[in-house]
Amino acid sequence: MASYADLERFYLDLVQSLRGQGVTCAVTSGMACVAWGVSPSTQDCDILVQPDGAERLTEHLVNSRFEGFAPNFRGSLSPPLDSKWLQGGWTCHFHWEDLAFLDVSGVPPRQGQPWQDGIAGAYASVTTVAEMKWTARAKDWPLTTALGLKLLAAGDSNGWMFLADPDVLTELLATETFPAELVKRRPLLELAMNEDVRLAGALVAEQLYLQQLDRQRIQIYQKAVRPYSAAVKDSGLLNLDLLQQQAIRRELAEQYLPARPLHSISFLEYIDQARSAVAAVVQPALLDYLPDVRAIYGNLFD
Amino acid sequence: METCLTEAQRENLRRVEWEFHVRAFGLEMARINFLPEKERRQALYEMWEHARDKGFRSRQERNP
(Lines give C-alpha, C1' and ligand atoms only; values in the text may rest on other atoms or scores of the structure.)
Protein backbone atom coordinates (compact mmCIF):
# COMPACT_ATOMS: atom_id res chain seq x y z
CA MET A 1 0.00 0.00 0.00
CA ALA A 2 1.25 3.49 -0.86
CA SER A 3 2.55 5.68 1.91
CA TYR A 4 0.90 8.97 2.80
CA ALA A 5 3.98 10.73 1.46
CA ASP A 6 3.31 9.07 -1.93
CA LEU A 7 -0.33 10.06 -1.73
CA GLU A 8 0.44 13.69 -1.01
CA ARG A 9 3.02 13.77 -3.79
CA PHE A 10 0.40 12.37 -6.16
CA TYR A 11 -2.05 15.17 -5.33
CA LEU A 12 0.60 17.88 -5.55
CA ASP A 13 1.81 16.51 -8.91
CA LEU A 14 -1.76 16.67 -10.14
CA VAL A 15 -1.95 20.35 -9.21
CA GLN A 16 1.42 21.09 -10.83
CA SER A 17 0.46 19.27 -14.03
CA LEU A 18 -2.80 21.17 -14.27
CA ARG A 19 -1.02 24.46 -13.81
CA GLY A 20 1.38 23.39 -16.55
CA GLN A 21 -1.67 23.23 -18.81
CA GLY A 22 -2.71 26.75 -17.83
CA VAL A 23 -5.39 25.78 -15.30
CA THR A 24 -5.44 27.88 -12.13
CA CYS A 25 -5.86 25.56 -9.17
CA ALA A 26 -4.82 25.15 -5.54
CA VAL A 27 -4.96 22.57 -2.79
CA THR A 28 -7.22 23.67 0.04
CA SER A 29 -8.90 22.43 3.24
CA GLY A 30 -7.16 19.65 5.20
CA MET A 31 -3.97 19.32 3.17
CA ALA A 32 -3.59 23.10 3.10
CA CYS A 33 -4.07 23.18 6.87
CA VAL A 34 -1.14 20.78 7.22
CA ALA A 35 0.97 23.04 5.04
CA TRP A 36 0.04 26.04 7.20
CA GLY A 37 0.93 24.26 10.45
CA VAL A 38 -2.55 23.35 11.64
CA SER A 39 -3.04 19.62 11.33
CA PRO A 40 -6.51 18.17 11.01
CA SER A 41 -7.30 14.46 11.06
CA THR A 42 -7.95 14.06 7.35
CA GLN A 43 -5.95 12.59 4.50
CA ASP A 44 -8.13 13.26 1.48
CA CYS A 45 -7.47 16.10 -0.93
CA ASP A 46 -9.65 19.08 -1.79
CA ILE A 47 -8.69 21.31 -4.68
CA LEU A 48 -10.07 24.54 -6.05
CA VAL A 49 -10.02 24.70 -9.83
CA GLN A 50 -10.88 27.61 -12.07
CA PRO A 51 -14.28 26.45 -13.43
CA ASP A 52 -13.25 26.93 -17.06
CA GLY A 53 -10.50 24.39 -16.46
CA ALA A 54 -13.01 21.56 -15.98
CA GLU A 55 -12.42 20.01 -19.40
CA ARG A 56 -8.65 19.96 -18.98
CA LEU A 57 -9.00 18.49 -15.50
CA THR A 58 -11.28 15.77 -16.87
CA GLU A 59 -8.68 14.84 -19.52
CA HIS A 60 -5.99 14.85 -16.88
CA LEU A 61 -7.96 12.64 -14.50
CA VAL A 62 -8.80 10.14 -17.23
CA ASN A 63 -5.10 9.61 -17.84
CA SER A 64 -4.08 9.56 -14.19
CA ARG A 65 -3.28 6.41 -12.25
CA PHE A 66 -2.60 5.84 -8.57
CA GLU A 67 -1.04 2.52 -7.66
CA GLY A 68 -2.12 1.41 -11.15
CA PHE A 69 -5.78 2.27 -10.60
CA ALA A 70 -7.81 4.66 -12.76
CA PRO A 71 -10.03 7.25 -11.05
CA ASN A 72 -13.78 7.43 -11.15
CA PHE A 73 -16.63 9.47 -9.78
CA ARG A 74 -17.45 8.67 -6.17
CA GLY A 75 -21.09 7.97 -5.36
CA SER A 76 -24.29 9.33 -6.82
CA LEU A 77 -24.11 12.89 -5.49
CA SER A 78 -21.23 14.15 -7.62
CA PRO A 79 -22.24 16.40 -10.51
CA PRO A 80 -20.39 16.11 -13.83
CA LEU A 81 -17.02 17.86 -13.87
CA ASP A 82 -18.34 20.83 -15.79
CA SER A 83 -17.86 24.58 -15.43
CA LYS A 84 -21.63 25.15 -15.25
CA TRP A 85 -21.96 23.25 -11.97
CA LEU A 86 -18.57 24.22 -10.58
CA GLN A 87 -19.53 27.89 -10.93
CA GLY A 88 -22.71 27.18 -8.99
CA GLY A 89 -20.80 25.98 -5.95
CA TRP A 90 -21.07 22.22 -6.48
CA THR A 91 -18.24 19.87 -5.55
CA CYS A 92 -17.21 16.86 -7.66
CA HIS A 93 -16.03 13.73 -5.86
CA PHE A 94 -13.47 11.27 -7.26
CA HIS A 95 -11.64 8.25 -5.98
CA TRP A 96 -8.92 5.86 -7.02
CA GLU A 97 -10.42 2.69 -5.56
CA ASP A 98 -10.14 3.04 -1.77
CA LEU A 99 -6.65 4.53 -2.01
CA ALA A 100 -7.02 8.18 -2.97
CA PHE A 101 -9.90 10.64 -2.67
CA LEU A 102 -10.22 13.97 -4.42
CA ASP A 103 -12.89 16.67 -4.08
CA VAL A 104 -12.96 19.40 -6.72
CA SER A 105 -14.68 22.77 -6.28
CA GLY A 106 -14.70 25.81 -8.52
CA VAL A 107 -16.01 28.30 -5.99
CA PRO A 108 -15.47 28.01 -2.24
CA PRO A 109 -18.69 28.16 -0.21
CA ARG A 110 -17.39 31.35 1.41
CA GLN A 111 -14.81 33.77 0.06
CA GLY A 112 -14.07 37.37 0.91
CA GLN A 113 -11.63 37.76 -1.98
CA PRO A 114 -11.32 35.58 -5.10
CA TRP A 115 -9.42 32.46 -4.07
CA GLN A 116 -7.21 32.82 -7.13
CA ASP A 117 -5.68 36.02 -5.71
CA GLY A 118 -3.98 34.52 -2.70
CA ILE A 119 -2.48 31.24 -3.90
CA ALA A 120 0.78 30.44 -2.12
CA GLY A 121 2.78 27.62 -3.68
CA ALA A 122 0.49 24.66 -4.28
CA TYR A 123 -2.00 25.89 -1.69
CA ALA A 124 -4.92 28.26 -1.32
CA SER A 125 -4.19 31.20 0.96
CA VAL A 126 -4.56 30.95 4.73
CA THR A 127 -7.52 33.36 4.47
CA THR A 128 -9.30 31.23 1.86
CA VAL A 129 -8.77 28.08 3.93
CA ALA A 130 -9.93 29.79 7.13
CA GLU A 131 -13.11 31.06 5.45
CA MET A 132 -13.79 27.57 4.12
CA LYS A 133 -13.46 26.25 7.68
CA TRP A 134 -16.36 28.39 8.92
CA THR A 135 -18.47 25.27 8.59
CA ALA A 136 -21.40 23.76 10.45
CA ARG A 137 -18.99 21.21 11.95
CA ALA A 138 -17.78 22.13 15.43
CA LYS A 139 -14.46 20.35 14.83
CA ASP A 140 -13.46 22.95 12.21
CA TRP A 141 -13.72 25.91 14.56
CA PRO A 142 -10.43 25.52 16.41
CA LEU A 143 -8.82 25.41 12.96
CA THR A 144 -10.19 28.87 12.09
CA THR A 145 -8.72 30.36 15.26
CA ALA A 146 -5.39 28.64 14.61
CA LEU A 147 -5.34 29.95 11.02
CA GLY A 148 -6.27 33.42 12.26
CA LEU A 149 -3.24 33.34 14.53
CA LYS A 150 -1.09 32.31 11.56
CA LEU A 151 -2.30 35.36 9.66
CA LEU A 152 -1.52 37.67 12.58
CA ALA A 153 1.94 36.12 12.92
CA ALA A 154 2.49 36.93 9.23
CA GLY A 155 1.50 40.54 9.91
CA ASP A 156 -1.94 40.20 8.26
CA SER A 157 -4.53 41.89 10.48
CA ASN A 158 -7.30 39.98 8.68
CA GLY A 159 -6.44 37.28 11.22
CA TRP A 160 -8.60 39.12 13.76
CA MET A 161 -11.64 38.03 11.75
CA PHE A 162 -11.02 34.36 12.57
CA LEU A 163 -10.25 34.32 16.29
CA ALA A 164 -13.20 32.46 17.78
CA ASP A 165 -11.65 31.68 21.15
CA PRO A 166 -12.43 34.19 23.94
CA ASP A 167 -9.16 33.55 25.78
CA VAL A 168 -7.10 34.15 22.65
CA LEU A 169 -8.90 37.42 21.95
CA THR A 170 -8.56 38.60 25.54
CA GLU A 171 -4.89 37.68 25.79
CA LEU A 172 -3.96 39.30 22.50
CA LEU A 173 -5.88 42.48 23.20
CA ALA A 174 -3.97 42.95 26.44
CA THR A 175 -1.02 44.06 24.31
CA GLU A 176 -2.21 44.38 20.69
CA THR A 177 -4.77 46.41 18.76
CA PHE A 178 -6.67 45.77 15.55
CA PRO A 179 -7.46 48.21 12.71
CA ALA A 180 -10.65 50.09 13.55
CA GLU A 181 -12.23 49.30 10.16
CA LEU A 182 -12.48 45.60 11.11
CA VAL A 183 -15.24 46.43 13.60
CA LYS A 184 -17.63 47.07 10.69
CA ARG A 185 -17.12 43.52 9.47
CA ARG A 186 -16.88 41.95 12.92
CA PRO A 187 -18.64 44.13 15.54
CA LEU A 188 -17.85 41.84 18.48
CA LEU A 189 -14.23 43.00 18.29
CA GLU A 190 -15.46 46.15 20.00
CA LEU A 191 -16.72 44.05 22.93
CA ALA A 192 -13.36 42.30 23.10
CA MET A 193 -11.49 45.60 23.05
CA ASN A 194 -13.65 47.00 25.85
CA GLU A 195 -13.35 43.82 27.95
CA ASP A 196 -17.14 43.63 27.85
CA VAL A 197 -18.61 40.65 29.71
CA ARG A 198 -20.91 40.05 26.74
CA LEU A 199 -17.95 38.92 24.60
CA ALA A 200 -18.33 35.21 25.43
CA GLY A 201 -22.03 35.31 24.53
CA ALA A 202 -21.34 37.24 21.34
CA LEU A 203 -18.75 34.65 20.28
CA VAL A 204 -21.29 31.88 20.86
CA ALA A 205 -23.86 33.80 18.81
CA GLU A 206 -21.35 34.38 16.01
CA GLN A 207 -20.40 30.71 15.83
CA LEU A 208 -24.07 29.65 15.85
CA TYR A 209 -24.77 32.15 13.08
CA LEU A 210 -21.92 31.07 10.81
CA GLN A 211 -22.72 27.40 11.46
CA GLN A 212 -26.37 28.00 10.67
CA LEU A 213 -25.50 29.78 7.42
CA ASP A 214 -23.41 26.78 6.39
CA ARG A 215 -26.11 24.34 7.49
CA GLN A 216 -28.73 26.17 5.42
CA ARG A 217 -26.40 26.13 2.39
CA ILE A 218 -25.87 22.39 2.76
CA GLN A 219 -29.60 21.75 3.16
CA ILE A 220 -30.35 23.69 -0.02
CA TYR A 221 -27.77 21.69 -1.99
CA GLN A 222 -28.90 18.39 -0.45
CA LYS A 223 -32.49 19.08 -1.44
CA ALA A 224 -31.45 20.15 -4.94
CA VAL A 225 -29.35 17.04 -5.55
CA ARG A 226 -32.02 14.43 -4.66
CA PRO A 227 -33.69 14.02 -8.10
CA TYR A 228 -30.31 13.91 -9.81
CA SER A 229 -28.90 11.42 -7.31
CA ALA A 230 -31.92 9.16 -7.81
CA ALA A 231 -31.51 9.38 -11.58
CA VAL A 232 -27.82 8.51 -11.31
CA LYS A 233 -28.64 5.44 -9.21
CA ASP A 234 -31.41 4.37 -11.60
CA SER A 235 -29.15 4.75 -14.63
CA GLY A 236 -26.79 2.05 -13.40
CA LEU A 237 -23.82 4.18 -14.45
CA LEU A 238 -21.79 3.54 -11.31
CA ASN A 239 -20.06 0.59 -13.03
CA LEU A 240 -18.97 2.64 -16.05
CA ASP A 241 -15.62 4.36 -16.49
CA LEU A 242 -15.04 8.04 -15.77
CA LEU A 243 -15.57 9.36 -19.30
CA GLN A 244 -18.73 7.35 -19.83
CA GLN A 245 -20.04 8.53 -16.46
CA GLN A 246 -19.13 12.11 -17.27
CA ALA A 247 -21.28 12.05 -20.41
CA ILE A 248 -24.27 10.47 -18.68
CA ARG A 249 -23.95 12.62 -15.55
CA ARG A 250 -23.93 15.70 -17.76
CA GLU A 251 -27.16 14.61 -19.48
CA LEU A 252 -28.79 13.83 -16.15
CA ALA A 253 -27.58 17.06 -14.59
CA GLU A 254 -29.08 19.08 -17.44
CA GLN A 255 -32.41 17.46 -16.62
CA TYR A 256 -32.35 17.19 -12.85
CA LEU A 257 -29.63 19.30 -11.23
CA PRO A 258 -29.99 23.08 -10.87
CA ALA A 259 -26.62 24.69 -11.49
CA ARG A 260 -27.14 27.39 -8.85
CA PRO A 261 -29.36 26.07 -6.06
CA LEU A 262 -28.90 29.17 -3.92
CA HIS A 263 -30.84 31.15 -6.51
CA SER A 264 -33.94 29.49 -5.04
CA ILE A 265 -33.76 31.95 -2.14
CA SER A 266 -32.79 35.62 -1.83
CA PHE A 267 -29.68 36.51 0.09
CA LEU A 268 -31.75 38.57 2.54
CA GLU A 269 -34.08 35.62 3.24
CA TYR A 270 -31.05 33.40 3.71
CA ILE A 271 -29.55 35.81 6.25
CA ASP A 272 -32.88 36.35 8.02
CA GLN A 273 -33.40 32.62 8.47
CA ALA A 274 -29.98 32.27 10.08
CA ARG A 275 -30.53 35.28 12.34
CA SER A 276 -33.88 33.85 13.45
CA ALA A 277 -32.25 30.54 14.30
CA VAL A 278 -29.66 32.35 16.43
CA ALA A 279 -32.30 34.57 18.05
CA ALA A 280 -34.04 31.44 19.31
CA VAL A 281 -30.97 30.59 21.37
CA VAL A 282 -29.19 33.80 22.45
CA GLN A 283 -30.18 37.14 23.94
CA PRO A 284 -31.61 39.33 21.13
CA ALA A 285 -29.18 42.16 21.93
CA LEU A 286 -26.29 39.93 20.85
CA LEU A 287 -27.64 39.88 17.27
CA ASP A 288 -26.18 43.38 16.94
CA TYR A 289 -22.73 41.82 17.13
CA LEU A 290 -23.10 39.25 14.34
CA PRO A 291 -20.55 39.63 11.54
CA ASP A 292 -21.29 41.14 8.16
CA VAL A 293 -21.25 38.16 5.79
CA ARG A 294 -22.31 39.88 2.58
CA ALA A 295 -18.79 39.87 1.21
CA ILE A 296 -18.08 36.21 1.97
CA TYR A 297 -21.44 34.63 1.02
CA GLY A 298 -22.78 37.05 -1.56
CA ASN A 299 -20.94 35.63 -4.57
CA LEU A 300 -22.97 32.41 -4.67
CA PHE A 301 -26.20 34.43 -4.80
CA ASP A 302 -25.09 36.67 -7.71
CA MET B 1 -3.64 44.77 5.68
CA GLU B 2 0.02 43.92 6.26
CA THR B 3 1.90 45.22 9.26
CA CYS B 4 5.44 44.73 10.47
CA LEU B 5 5.66 43.03 13.86
CA THR B 6 8.25 43.75 16.49
CA GLU B 7 10.21 40.89 18.02
CA ALA B 8 8.19 41.26 21.25
CA GLN B 9 4.92 41.01 19.30
CA ARG B 10 6.16 37.89 17.52
CA GLU B 11 7.09 36.28 20.81
CA ASN B 12 3.75 37.16 22.37
CA LEU B 13 1.83 35.77 19.39
CA ARG B 14 3.92 32.61 19.47
CA ARG B 15 3.11 32.12 23.16
CA VAL B 16 -0.62 32.71 22.68
CA GLU B 17 -0.60 30.41 19.65
CA TRP B 18 1.20 27.62 21.52
CA GLU B 19 -1.15 27.82 24.48
CA PHE B 20 -4.15 27.76 22.15
CA HIS B 21 -2.86 24.71 20.25
CA VAL B 22 -2.32 22.84 23.53
CA ARG B 23 -5.86 23.72 24.68
CA ALA B 24 -7.55 23.01 21.36
CA PHE B 25 -5.62 20.08 19.93
CA GLY B 26 -3.74 18.57 22.88
CA LEU B 27 -0.05 18.60 23.70
CA GLU B 28 1.02 15.94 21.17
CA MET B 29 -0.64 17.66 18.21
CA ALA B 30 0.61 21.05 19.39
CA ARG B 31 4.16 19.68 19.32
CA ILE B 32 3.61 18.36 15.79
CA ASN B 33 2.04 21.62 14.60
CA PHE B 34 5.03 23.59 15.84
CA LEU B 35 7.61 21.46 14.01
CA PRO B 36 9.23 22.78 10.81
CA GLU B 37 7.14 21.79 7.78
CA LYS B 38 9.21 18.83 6.61
CA GLU B 39 9.35 17.27 10.07
CA ARG B 40 5.69 18.05 10.67
CA ARG B 41 4.67 16.15 7.56
CA GLN B 42 6.89 13.23 8.50
CA ALA B 43 5.34 13.09 11.98
CA LEU B 44 1.83 13.15 10.50
CA TYR B 45 2.65 10.45 7.96
CA GLU B 46 3.98 8.24 10.74
CA MET B 47 0.92 8.89 12.89
CA TRP B 48 -1.53 8.15 10.05
CA GLU B 49 0.36 5.05 8.95
CA HIS B 50 0.46 3.77 12.50
CA ALA B 51 -3.34 4.28 12.69
CA ARG B 52 -3.80 2.51 9.34
CA ASP B 53 -1.63 -0.41 10.49
CA LYS B 54 -3.87 -0.70 13.54
CA GLY B 55 -6.94 -1.00 11.31
CA PHE B 56 -8.21 2.58 11.31
CA ARG B 57 -9.99 3.60 8.10
CA SER B 58 -11.03 7.12 7.23
CA ARG B 59 -14.64 7.89 6.38
CA GLN B 60 -13.82 7.85 2.67
CA GLU B 61 -11.95 4.57 2.91
CA ARG B 62 -14.91 2.99 4.67
CA ASN B 63 -17.38 4.29 2.06
CA PRO B 64 -15.52 4.71 -1.21
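This is a predicted model: local features need pLDDT of at least 70, side-chain atom pairs count only at pLDDT 80 or more; totals for chains, interfaces and linings use all residues.
## Aromatic pairs

A pair of aromatic rings is described by the distance of the centres and the angle of the planes. Over all chains, the structure holds 14 aromatic pairs. One of them joins Phe10(A) and Tyr11(A). Their ring centres lie 5.9 Å apart, and their planes meet at 55°, so the pair is tilted. Angles under 30 degrees would count as stacked and over 60 as edge-to-face. Phe10(A) is buried, with a relative accessible area of 12%. Tyr11(A) is buried too, at 1% relative accessibility.

A second tilted pair is formed by Phe73(A) and Phe94(A). Here the centre-to-centre distance is 4.9 Å, with 35° between the planes. Phe73(A) belongs to strand 3 (residues 72–73) of chain A. Phe94(A) belongs to strand 4 (residues 91–96) of chain A. The pair therefore ties together parts that are 21 residues apart in sequence. Both phenylalanines, Phe73(A) and Phe94(A), are buried.

Ring pairs also build a cluster. Its members are Phe10(A), Tyr11(A), Phe66(A) and Trp96(A).

## Charges over rings

Two contacts of this kind involve one residue from chain A and one from chain B. Lys150(A) lies over the face of Phe34(B), 5.6 Å from the ring centre. In the other, Arg52(B) lies over the face of Tyr4(A), at 4.7 Å from the ring centre.

## Strand 5 of chain A

How many residues of strand 5 (residues 100–105) of chain A are buried? The count is 6 of the 6, so the strand is largely enclosed by the rest of the structure. Both of its faces are covered. On one side sit Ala100(A), Leu102(A) and Val104(A). On the other sit Phe101(A), Asp103(A) and Ser105(A).

Strand 5 of chain A pairs with strand 2 (residues 45–49) of chain A in the parallel sense, over 4 bridges. In that pairing, Leu48(A) stands opposite Ser105(A). Strand 5 of chain A also runs antiparallel to strand 4 of chain A, joined by 6 bridges. Phe94(A) has Leu102(A) as its bridge partner in strand 5 of chain A. Strands 4 and 5 of chain A form a hairpin with 3 residues between the strands. Within this hairpin, Glu97(A) takes a positive phi near 45°.

## Strand 1 of chain A

Strand 1 (residues 25–28) of chain A is likewise covered on both faces. Cys25(A) and Val27(A) are buried on one side. Ala26(A) and Thr28(A) are buried on the other.

Strand 1 of chain A pairs with strand 2 of chain A in the antiparallel sense, over 4 bridges. Thr28(A) stands opposite Asp46(A) in strand 2 of chain A. Strand 2 of chain A therefore has strand 1 as a partner and strand 5 as another, with strand 5 largely enclosed.

## Tyr209(A) in helix 10

Tyr209(A) is found in helix 10 (residues 199–235) of chain A. Is Tyr209(A) buried or exposed? At 2% relative accessibility, it counts as buried.

Which residues touch Tyr209(A), leaving aside neighbours within four places in sequence? Its contacts are Ile271(A), Ala274(A), Arg275(A), Val278(A), Leu290(A), Pro291(A) and Val293(A). Take Val278(A): this residue is 69 residues from Tyr209(A) in sequence, yet their C-alpha atoms are 5.9 Å apart in space.

Note on methods
Residues are numbered from 1 along each chain as its sequence is written. Chains are lettered from A and ligands numbered from 1 in the order in which they are written. Side-chain values use heavy atoms; hydrogens and water are left out. Rings of Phe, Tyr and Trp (its six-membered ring) pair if their centres lie within 6.5 Å; planes under 30 degrees apart count as stacked, over 60 as edge-to-face and the rest as tilted. Buried means under 20% relative accessible area, exposed over 50%, partly exposed in between (1.4 Å probe, protein chains only). Helices (H or I, at least four residues) and strands (E, at least two) are DSSP runs, numbered from the N terminus. A charge sits over a ring if NZ of Lys or CZ of Arg is within 6 Å of the ring centre and within 35 degrees of the ring normal. Two strands pair if DSSP finds at least two bridges between them. Contact means heavy atoms within 4.5 Å.
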